[in-house]
Amino acid sequence: MAKWTRRAVIGSGLLAGGAFVVGVALRPGNPVDELKPLVAGGQGENLINSWVKIDADNVVTAIIPHTEMGQGVRTSLVQMLADEMDADWDKIAVMEAPTTGDYVSQHMVRLFFAPGTLDAPPWLDPTLDGILTQVSKLAGGYATGGSSSVRATGQRGMRVAGAAAREMLIAAAAEAWNVPAGDIRTANSTLLHDGSGRSAAYAVFADAASRQSLPTHPKLKTPDQFKLMGKSMPRVDLDEKVNGSAQYGIDATIPGQTMRYGAIFAAPVPDSTIKSVNDTQAKTMPGVLEVINFGGFVAVIAEGYWQAQQALDTVEMDFSKTPNDNLDQKGLFDRYEKALSEAGDEGGDVLGEAGDVISASDNAPATVEAEYRVPFLAHGAMEPVNCTGWVHDGVCDLWTSAQVPLRAISEVSDATGIAADNINLHQMEMGGSFGRRLRDDYAVISARVAQAVNYPVKVIWSREEDIQKAYYRTCTTSRFKAGLESAGRPVSWDNVYVHQEAPPEAAFVDYYDIPNKRIRTLPDVPMHLRFGDWRSVDESQHGFFKESFMDELAHKAGVDPFEYRLALLNKSPRHKAVLEGVAEMSGWGRKLPAGHGRGIALVPSFGTIVAQVADVELSGGTPRVVRVYCCADPGFAVNPSGFEAQMESAIVYGLTAVLYGEISLEEGAVVQSNFHDYEILRMEEMPDIEVKIINGDNVVLGGGGEPGLPPIAPAVANAVFAATGVRVRELPLNNITFA
């Protein structure tokens, strides 16, 4: 994982040729000269830095180490930096940081691996920053995922970068004007000294400011001083996406080079290899240049993608046998059932435990048991997976979009033998991902194809190839047992499930006041499909499991589901406020028309608490979700309209999984192949969505991209139960017949 390292510790400030750059990672050292060639701009841009630069036209550019894939991260991060810097919003620009180790975000490491260090004393910060930066380099900490950009890099990095830049500009102006720094104020990228009436644009003092000492702990604004944060700002990248000028990986071309295109076909069953290939017909087809057998997959390279795919369809392949060739979906679920039964009341790895679950359950007046399961899910990203590779002169150039580009470089290096320092990943716009591009198989395959020829090749995965050979959200089964006291309140909560990805707390219910709780997992049950991160990762399964089971407990107790949950939240005031918020906005308790049902669910994830109410109409035996109410507390919504959009998109994505989402197995291979049998929500099925935001804590921020998804499955399933009396314990809904 360390092969990509090119330079030393990230620096913090740089000035060159009249433009000012402040890189405020606040880390030891100041190797700004190394950063200069990485982020130097075009004509007229004189200066470079790590995260902030100002050009001669007084345009402030934020250089961010995160990828835009539709979530609006550029706008939110620039908003945080510009607010602290008192920058003119009309003269703000943004660029994505170079994909090198110099631009890792050590704050990502803090968030996921060392959250306690967020509260370290100031004197310890420089040391921790240095250590975490090195760890981040080793971990490929230039990453986009986990709803982390704003709450990690934004809160700890961009705000500090902006505040430090502002203080350095003030210091420079104070020296020049011979006035106390405290007498200078800033507004709209301008320095002002009211006593003398002098003023100057930031660009005037950019050069001098860059030579100022970097404040290691610049003073940050308090929420009452925010001018941009907390306001719904227009997206900074909207125009280019609307007018079509944004360049995605699929758009990549190489000036001066003739583009070639590749189509691939991999073994349908994982771990199988190609025994023989008959490519006689393919090689005679127009435009075909190469047919290459790589052992695990075949690539056809042609002058056009259509030609390559058409030729690939004629290639006859024979594959080796594997132990999973006879495995189907029922067989996999049977395997899970067997493992759970063998684990019994004591087996598995304990992830969390409080009290004595066994004793409490044995002594409870009543117990409730239930088992739930969900299938594999594919990502179905809008932009087909692709990567353009060109190996030339000892260098490998890749044009694609990756959520962890430094790890992609490392894996390409491992696969090709090309030194990581000689691999350049040119990051492009990302047309959706939902976790698909957290895996780097496509970059590795593209590099291998390019290495086999001597010209650039754009390898494009067909929708069928991606859906059938990708990384999937895990298929899993989860069992519950709860003990209820005489009034129906739970006194024990025991949960054991198959497989675990991330985050480890996904199955936890610590916010509910249940005295005896235990969560166990069986992580090693064989599953031959490759699995990885899907939007909200394990929260998507466990949100459905635990909030459906909570509904079953409420039903057993004969208590309204909202009131039942509310009674368990007395020790979790923010969760309680969110639940009360969604009840209020939805008018919970009002009478619904015949054939309608209403369900409620509460799931905190990625630092944000979300509760949803779904209204469902049963029409002809088919449930239709007509309205969703969503109340969320992310701590503080930096860009409320952007956060609201993320809630809405998560609901749409999650609703697709609830209604249709299913990747299943037959003879060891994936059955589904394209959107005709792996359906997505259609426009006419879109429910009305209403979102309410609660700013419950402006210190510890929550994420926005993923927390809106986990509650939608249980909210809908609970609504279906309310409407039909049928308890949904397995998804998707279109596999269930309702009377």
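Glutamate 383 forms a salt bridge with arginine 437, in which the closest N and O atoms lie 3.6 Å apart. This pair links distant parts of the chain, since glutamate 383 is placed in the loop between β15 and β16 (386–392) and arginine 437 in the loop between β18 (423–427) and α13 (441–452), 54 residues apart. In this predicted model, glutamate 383 counts as buried because its relative accessibility is 7%, and arginine 437, at 0% relative accessibility, likewise counts as buried.

A further salt bridge is formed by arginine 530 and aspartate 441, with the closest N and O atoms 3.6 Å apart. Arginine 530 lies in the loop between β22 (516–522) and α15 (539–557), whereas aspartate 441 belongs to helix α13, so that the pair ties together parts that are 89 residues apart in sequence. Aspartate 441 is buried, with a relative accessible area of 12%, while arginine 530, at 31% relative accessibility, counts as partly exposed; the latter value lies between the limits of 20% for buried and 50% for exposed residues.

Arginine 565 forms a salt bridge with aspartate 551, the closest N and O atoms being separated by 3.2 Å. Because arginine 565 is in helix α16 (residues 561–567) and aspartate 551 in helix α15, this pair ties together parts that are 14 residues apart in sequence. Both arginine 565 and aspartate 551 are buried. Elsewhere, salt bridges that share partners join Glu68, Arg74, Glu96, Arg235, Asp237, Glu240, Lys241 and Glu429 into one network. In total, the structure holds 44 salt bridges.

Charge is also found in a surface patch, where Asp345, Glu353, Asp356, Asp362 and Glu369 gather as a group of negative charge. Of these residues, glutamate 369 is found in strand β15 (residues 366–374), and its relative accessibility of 55% means that it counts as exposed.

Helix α19 (residues 712–724) comprises 13 residues and reaches 18 Å from its first C-alpha to its last, close to the 18 Å expected at 1.5 Å a residue. The helix is mostly covered, with ten of its 13 residues buried. The buried residues of α19 are Ile712, Ala713, Pro714, Ala715, Val716, Ala717, Asn718, Ala719, Val720 and Phe721.

A cis peptide bond joins alanine 502 and proline 503, with omega at about -10°, and proline 503 lies in the loop between β21 (490–498) and β22. Another cis peptide bond, with omega at about 5°, joins leucine 731 and proline 732, the proline 732 residue being found in the segment after α19.

Aspartate 393, although not a glycine, has a positive phi of about 55° and is placed in the loop between β16 and β17 (395–400), where its relative accessible area of 76% makes it exposed. For valine 537, also a residue other than glycine, phi is near 50°. Valine 537 is located in the loop between β22 and α15, and with a relative accessible area of 8% this residue is buried.

Terms used. Residues are numbered from 1 along each chain as its sequence is written. This is a predicted model: local features need pLDDT of at least 70, side-chain atom pairs count only at pLDDT 80 or more; totals for chains, interfaces and linings use all residues. Side-chain values use heavy atoms; hydrogens and water are left out. Patches are made of residues with over 30% relative accessible area and no salt bridge: like charges are joined within 9 Å, nonpolar side chains (Val, Leu, Ile, Met, Phe, Trp, Tyr) within 5 Å. Accessible areas come from the Shrake-Rupley method with a 1.4 Å probe; for residues, only the protein chains shown count as cover. A salt bridge is a side-chain nitrogen of Lys or Arg within 4 Å of a carboxyl oxygen of Asp or Glu. Lys and Arg count as positive and Asp and Glu as negative; His and the chain ends are not counted. The place of a charge is taken as NZ of Lys, CZ of Arg, CG of Asp or CD of Glu. Helices (H or I, at least four residues) and strands (E, at least two) are DSSP runs, numbered from the N terminus. Buried means under 20% relative accessible area, exposed over 50%, partly exposed in between (1.4 Å probe, protein chains only). The expected span of a helix is 1.5 Å times one less than its number of residues.
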